[in-house]
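Here are a few friendly notes to read alongside the model. Please keep the structure open and find each residue as we go.

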Amino acid sequence: RKRTRPVAVWMQTKEAEAAATPAVSIAKIDVSAPQNNDSMLLLVRLTVLGVAAMYGTNFGSVKIIQEFLPTDVAASLRFSLAAVALLPLLRTLKKEAILPGLQVGFLTGCGYLAQGLGLESADASTAAFLCSLGVVVCPLLDVFIGKSVESRSWIAALLAVAGAGVLELGGVKPPGSGDLWDLVQPLAFGSSFWLTEQTLRRCPDQAGPLTSLQIGTVAFMSLFWTWCDNKLGPQEIAAIQTALQHQSVAVAVIWTGLATTALSVLLETWALKRLSSAETTVLFSTEPIWGLAFASVALGEQLSWNTFLGGGLILAACASTFTGGQSGSDSKGSQ
């Protein structure tokens, strides 16, 4: 009996070690999980920056199309092409995502139509910088639903307004109606980003259908605008065919329809499942840099001191709202 006591003690020790082993494995899994999350966040952020680069070419490309076609016709071609490309994604649309999708589509449509009207008279580089003011819209909308906004958001708003003032009032060319239309862009696009984020929190599996419904709504708005202007007759169709014979116009229509609309909006919606709308708009604030470069090279637009100073203030506003370690998924998990 005296010999069996050490054996019992040994067995209890082994059982205790075996029970502790799963805890060690779980600890190892917990350590590796943040690394995977960091890798995913980096991929998402790089994707958004890539989309911003494509968006930056929008302004110059639309201006090329509108040299041959009216604004509403150009918009109808672009968004109809994008809507057809995204149509298969509607098969998995759920009923609860229909109304938010139509609302997001309406806001996005207002932004794009205002962009087209603004580019009739405004420079593409100026339109790109004014569009970046959307970075302050999402935090302000958060205030309306009861979220606290840090002081850097208000600093960003002041910097953005100052940058817009320098951009508009400091150059040789006076502000015009096109600039007023361009100011609609940040309000419409910023609101659509924010509403998309809220919708994807409730319907996380609806990114694709939401994108398709959104662009379909924009296409309908564009076609309705064109129909109201009586530009869908035989003569107008012939004018469209003539314009598309120009290689630059045809390339611009395909690029804006498939790349900077269908693909870009789909990637943007995917990113909003993982990043907050505020951070997404900050990353999109690099768009003016690409728009400025494209407008200067492709369209030969002249840049003055106020373009760089005003654009620099706006980008400083965008950078001041950025918090490198926070993501949309993190914020969602805390709510």
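1. Leaving aside its neighbours within four places in sequence, which residues is Q66 in contact with? Keep in mind that this is a predicted model. With those neighbours set aside, the partners of Q66 are T71, A74, G116, L119 and E120.

2. Now look at where Q66 sits: its place is the loop between α2 (58–65) and α3. Is Q66 buried or exposed? Its relative accessibility is 17%, and buried means under 20%, so Q66 counts as buried.

3. Next, turn to helix α3 (residues 71–86) and helix α4 (residues 98–118), which pack with their axes 10 Å apart and at an angle of about 135°. The two helices are therefore oblique to each other, and their crossing is right-handed.

4. Who makes this contact? On the α3 side you will find T71, A75, R78 and F79, and α4 brings Y112, L113, Q115, G116 and L117. Sorted by class, the contact has five nonpolar, three polar and one charged residues.

5. Setting aside neighbours within four places in sequence, Y112 is in contact with Y55, N58, R78, F79, F189, V218, T260 and V265.

Definitions and conventions. Residues numbered from 1 in each chain as written. Predicted model: local features only at pLDDT ≥ 70, side-chain atom pairs only at ≥ 80, totals over all residues. Heavy atoms only, no water. Axes fitted to C-alpha atoms, helices over the stretch in contact; angles between N-to-C directions. Helix = DSSP H or I, 4+ residues; strand = E, 2+ residues; numbered from the N terminus. Parallel < 35°, antiparallel > 145°, perpendicular 65-115°, else oblique. Left-handed = near helix turned anticlockwise from the far one by under 90°. Contact = heavy atoms within 4.5 Å. Nonpolar A, V, L, I, M, F, W, Y, C, P; charged D, E, K, R; others polar. Buried < 20%, exposed > 50% of the residue type's maximum accessible area, 1.4 Å probe, protein only.
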